[in-house]
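Biologist: Could we go through this protein together, one topic at a time?
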Amino acid sequence: ATNPKPAVDFEFSDVNLTATRNHFGNLLGRYGVPLLLVNLLKTKKPEGSEGKLSKAFESAIERVNQELPLPYRILYKDFDMKHEWKQ
């Protein structure tokens, strides 16, 4: 049996990353540092919808991190759970 996946449709409309900055600022305020972000989106097919969303997400975190002092930067990690299970 197959599980059909709906298409991931997103528009990058917040070019200043206001919502992203606010979200991670809130998390840093609540939980402190280090803040570890684990991306579970599939990245094997960069042209696919999950790959595009993953790349946009990583790019947003990189931009936010450029504005943060080194001790407050968000730690970002891609994690392919299916690959790890096969190990």
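Biologist: In which helix does T20 lie?
Modeller: T20 lies in helix 1; helices (H or I, at least four residues) and strands (E, at least two) are DSSP runs, numbered from the N terminus. Please note that this is a predicted model, in which local features need pLDDT of at least 70 and side-chain atom pairs count only at pLDDT 80 or more, while totals for chains, interfaces and linings use all residues. Residues are numbered from 1 along each chain as its sequence is written, and side-chain values use heavy atoms, with hydrogens and water left out.
Biologist: Is T20 buried or exposed?
Modeller: T20 is buried, because its relative accessible area is 19%. Buried means under 20% relative accessible area, exposed over 50%, and partly exposed in between (1.4 Å probe, protein chains only).
Biologist: Which residues does T20 touch?
Modeller: Leaving aside residues up to four places away in sequence, T20 touches D14, A60 and V64. A contact means heavy atoms within 4.5 Å.
Biologist: And T2, is that buried or exposed?
Modeller: T2 is exposed, because its relative accessible area is 71%. T2 lies in the segment before helix 1.
Biologist: How many Å separate the C-alpha atoms of T2 and Y72?
Modeller: They are separated by 42 Å, and the two residues are 70 residues apart along the chain.
Biologist: Let us change topic. Which residues form the largest nonpolar core?
Modeller: That core has ten residues: L17, F24, L27, L28, L35, L37, A60, I61, V64 and I74. Helix 1 (18–31) and helix 2 (49–67) each supply at least two residues of this core. A nonpolar core is a set of buried Ala, Val, Leu, Ile, Met, Phe, Trp, Tyr and Cys residues joined through side-chain atoms within 4.5 Å. In soluble globular proteins, nonpolar side chains tend to be buried together.
Biologist: What does I61 touch?
Modeller: I61 touches F24, L37, I74 and Y76, again without counting residues up to four places away in sequence.
Biologist: Now the whole chain: in what order do the elements run?
Modeller: From the N terminus on, the order is α-β-α-β-α, which comes to three helices and two strands.
Biologist: How many of the residues count as buried?
Modeller: Of the 87 residues of the protein, 18% count as buried.
Biologist: What share of the contacts joins residues 24 or more positions apart?
Modeller: Such residues account for 63% of the contacts with a separation of 6 or more.
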